[in-house]
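Subject: Structure for you to look at

Hello,

Here is the structure I said I would pass on. Please open it and keep it beside this email while you read.

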Amino acid sequence: MVVERMKDGMDLTCDPAARWWDRETDADLVCLAVHDETPDIRTFTFAGAQGQSFALEAGQYFTFDVPLESGEGAATEPRCYSLSSSALRPRTIAVSVKRVPGGRVSNRLHEALRVGDTIRAMGPSGAFTLPRPLPEKLLLLSAGSGITPMIAMARTLADAAARTDVVFFHAARSLADFAFAADLQALARANPRFRVIFLPEDGSGGHFGPVGRISAELLGALVPDLAARTVLCCGPAPFMAAARAIGVAAGVPQAAWLEESFDLAPVESTVDDAPAKTGFSATFSRQNRTITVGADQTLLSAARAQGVVLPSSCANGLCGTCKARLVSGQVAMAHNGGIRQREIDAGFILPCCARPLTDVVIER
């Protein structure tokens, strides 16, 4: 069901001189369309506010600064959402957001973001992308909202007319929870080298295929050449752990098993350290808390150890979720791309990868 779509104002010509989205300088996206995929997954399509085109890879994500209230100056909270659109259609991008019970950001997006609204975002980011060169055989293996980067990859492969043999295997609770089902079935009808397998836990409602949870027996029967495929896996942690164990037992080489993960060379290795007794002081102004940060601790690590609540996700300087303004003091920061240089110049830091060089005050 299409909820909303922008009626006019789009330039449908191909302008060879069009400007490309600059990750360092561009930040505003305009919502062009809102589309329901399932009862709790909604797709939002965006264009650059200045009509920029996007250079990206299927599987990457954007970090959105989501206003939690209406009005100018409202508090925002960052969230990363994988792109669900083809990387080979550069005029627009789309993300598909699953509403999480009690989730402030996902519910806010579902309830408040409308066609014509502008939202700040940073990206693209992420290394969970299609291998280069493309292997002869792929298994795109997902569960729940993990389908999002997978549909982006499937759409990109279709737009590229790639000859890779693809099995798209997706698990969900019920038939009603299968996002993009019609699109995937259309891709399968158009390409004999693209096969779709849906695995609902609940088989009621007219499903005639396999039912239940992923298992070695089931995956072995449905994908008998599993060990010969490069596997890209995304979904809830228990699903990915179970799938990985099955893949290892089936003989999938480690190098051929790729997962959606924020794991990089860790800059945060002491997240659960005990409270430091000596070091610099860090004051979190909104919470009126001052703690001591040890010489080997990041601000996030010390905050967690002493009960100061900070938003965070990757803890590797990648996603930008913990971004905060440094009111005073100095830090050393070794990030992995989760913050722009102009944001650093404006006084923002990522506490997950920042170690104080002096006493500091953080606006959190």
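Does Phe180 count as buried or exposed, and at what relative accessibility? Phe180 counts as buried, because its relative accessibility is 4%; buried means under 20% relative accessible area, exposed means over 50%, and partly exposed is in between, with a 1.4 Å probe and protein chains only.

Some notes on the source come next. This is a predicted model, in which local features need pLDDT of at least 70 and side-chain atom pairs count only at pLDDT 80 or more, while totals for chains, interfaces and linings use all residues. Residues are numbered from 1 along each chain as its sequence is written, and side-chain values use heavy atoms, with hydrogens and water left out.

Backbone with positive phi

Phe180 sits in the loop between strand 9 and helix 3 (181-190). Helices (H or I, at least four residues) and strands (E, at least two) are DSSP runs, numbered from the N terminus. The phi of Phe180 is positive, near 60°, and this residue is not a glycine. Asn288 is not a glycine either, and has a positive phi of about 55°. Its place is the loop between strand 13 (280-284) and strand 14 (289-293). Asn288 counts as exposed, because its relative accessibility is 70%.

Cis peptide bonds

Gly123 and Pro124 are joined by a cis peptide bond, with omega about 0°. Pro124 is part of strand 7 (residues 118-125). A cis bond also runs from Arg132 to Pro133, where omega is near -10°. Pro133 lies in the loop between strand 7 and strand 8.

Helix 5

Helix 5 covers residues 237-250, which makes 14 residues. From first C-alpha to last, helix 5 reaches 20 Å, close to the 20 Å expected at 1.5 Å a residue; the expected span is 1.5 Å times one less than the number of residues. Its buried residues are Phe239, Met240, Ala243, Ile246 and Gly247. Seen down the axis of helix 5, these fall within an arc of 125°, so they line one face of the helix. The arc is that of the directions from the helix axis to the C-beta atoms.

What do the buried residues of helix 5 pack against? Their partners are strand 8 (137-143), strand 9 (165-172), helix 4 (216-222), strand 11 (230-234) and strand 12 (257-259), where contact means heavy atoms within 4.5 Å. On the face turned away from the buried side, helix 5 carries the exposed residues Ala237, Pro238, Val248 and Ala249. Just after helix 5, Gly251 has a positive phi of about 95°.

Regards
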